[in-house]
Amino acid sequence: MNSNVFDVIILGTGPAGLQAAIHAVRSKASVLVLGKQHKSSLYRAHIENYCCLSKVDGETLLQDGRKQAEHFGAKFLDEDAVEIKQADSWFHIKVESGKEIRSRAIIFALGIFRNKLNVRGEKELLGRGVSYCVDCDANFYRDEPVAVAGSESAALTGALTLLFYTKEVHLVCPKLEATEALAKQIRESPIQLHEGRNVKQILGENEFLSR
Ligand SMILES: Cc1cc2nc3c(=O)[nH]c(=O)nc-3n(C[C@H](O)[C@H](O)[C@H](O)COP(=O)(O)OP(=O)(O)OC[C@H]3O[C@@H](n4cnc5c(N)ncnc54)[C@H](O)[C@@H]3O)c2cc1C
């Protein structure tokens, strides 16, 4: 990287950061993208619901997006921002190596944080049977036994949705915390309710999901 001064610095190399980079650099802004691609939540995903791409893995898609942005002139630095200050109409961004970079604008494309169980196997099996989005991933579990962990409405409605895909749905929760109507719907459904239980560990095979 030759310069420490950019029109736009983008924090995040996931799809949001890459798309922002492509638009900004094509508008003739000088652009630096910060962040680590392997930390994008898409990195380990197996994607089959993107229009015009029948099947692709997240790592390939992200690498292609980076090449596309680089083709138009965007620069990348595989480091996280650790400090941001504003002075004299500039943003001063310090990265992990201690280097300081200046920009006129910052775009935050940092993704989202998902609630985790923080149990053994959860991280290792992400994208290999562990999911955080029923609407995105239910089709992977068609006709397979599925367990949903969670007490609140998102988990409960997710478990009900899964019944459209598979007969064997388990709901594991310390206590149902939903409206009476939703709790009743769960109790009267074929869902196997394991109330008063917590997930302690997730065991599974190390295979990418594919349908
Ligand atoms: C297992 C799994 C499967 C999925 N499957 C699909 C699918 O099939 N189809 C689909 O559409 N979506 C899928 N998703 C969702 C998809 O991954 C997200 O919607 C998408 O990645 C969000 O993009 P983003 O750019 O907002 O954030 P992310 O891709 O999460 O990127 C966030 C970026 O911010 C960076 N960052 C964080 N802190 C800093 C910092 N201090 N400085 C610089 N950079 C920082 C990270 O390094 C990362 O590059 C899946 C997600 C998971 C977990």
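Reader: How do you know that the span of helix 1 agrees with its 12 residues?

Author: Helix 1 covers residues 15–26, and at 1.5 Å a residue it should span 16 Å. The expected span is 1.5 Å times one less than the number of residues, and the end C-alpha atoms of helix 1 are 16 Å apart, so the two agree. Helices here are DSSP runs of H or I with at least four residues, strands are E runs of at least two, and both are numbered from the N terminus. Bear in mind that this is a predicted model, where local features need pLDDT of at least 70 and side-chain atom pairs need 80 or more, while totals for chains, interfaces and linings use all residues. Residues are numbered from 1 along each chain as its sequence is written, and side-chain values use heavy atoms, with hydrogens and water left out.

Reader: Which residues of helix 1 are buried, and what covers them?

Author: Gly17, Leu18, Ala20, Ala21, Ile22, Ala24 and Val25 are the buried ones. Their cover includes strand 1 (5–11), strand 2 (31–34), helix 2 (58–71), strand 5 (75–77) and strand 8 (100–108).

Reader: After helix 1 comes Lys28. What makes Lys28 exposed?

Author: Buried means under 20% relative accessible area, exposed means over 50%, and partly exposed is in between (1.4 Å probe, protein chains only). Lys28 has 76% relative accessibility, so it counts as exposed. Lys28 sits in the loop between helix 1 and strand 2.

Reader: What is the phi of Lys28?

Author: It is near 75°, a positive value in a residue other than glycine. Most residues other than glycine have a negative phi. Cys52 is another case, with a positive phi of about 75° although it is not a glycine.

Reader: Where is Cys52, and why is it called exposed?

Author: Look in the loop between strand 3 (46–47) and strand 4 (56–57). Cys52 has a relative accessible area of 75%, so it is exposed.

Reader: Which polar atoms of Pro15, Ser40 and Ser41 lie by oxygen atoms of the ligand?

Author: For Pro15 it's a polar backbone atom, 3.3 Å from a ligand oxygen. For Ser40 it's a polar side-chain atom at 2.6 Å from a ligand oxygen, and for Ser41 a polar side-chain atom at 3.1 Å. The ligand has 1,000 Å² of accessible area on its own, and the protein covers 80% of that.

Reader: What makes Asp78 partly exposed rather than buried?

Author: Its relative accessibility is 45%, so Asp78 counts as partly exposed. Asp78 lies in the loop between strand 5 and strand 6 (81–87).

Reader: How do you know that Asp78 and Arg66 make a polar contact?

Author: A polar contact is a pair of N or O atoms within 3.5 Å; within protein, one must be able to donate a hydrogen and the other to accept it, and residues adjacent in sequence count only if both atoms are side-chain atoms. The side chains of Asp78 and Arg66 are joined by such a contact at 2.9 Å. Leaving aside neighbours within four places in sequence, Asp78 is in contact (heavy atoms within 4.5 Å) with Gly35, Lys36 and Arg66.

Reader: Why is Ser151 called buried?

Author: At 12% relative accessibility, Ser151 counts as buried. Ser151 is in the loop between strand 9 (146–149) and helix 4 (153–162), and its side chain reaches the backbone oxygen of Lys175 at 3.2 Å. Beyond neighbours within four places in sequence, the contacts of Ser151 include Leu156, Cys173 and Glu177.

Reader: And Asn198, what makes it exposed?

Author: Asn198 has a relative accessible area of 52%, so it is exposed. Asn198 lies in the segment after strand 11 (192–195). Leaving aside neighbours within four places in sequence, Asn198 is in contact with Val172 and Pro174.

Reader: Last one: why is Leu117 called partly exposed?

Author: Its relative accessibility is 39%, so Leu117 counts as partly exposed. Leu117 lies in the loop between strand 8 and helix 3 (134–137). Apart from neighbours within four places in sequence, Leu117 is in contact with Glu122, Ala149 and Val199.

How values were computed
Areas by Shrake-Rupley, 256 points an atom, 1.4 Å probe, with all protein chains shown as cover.
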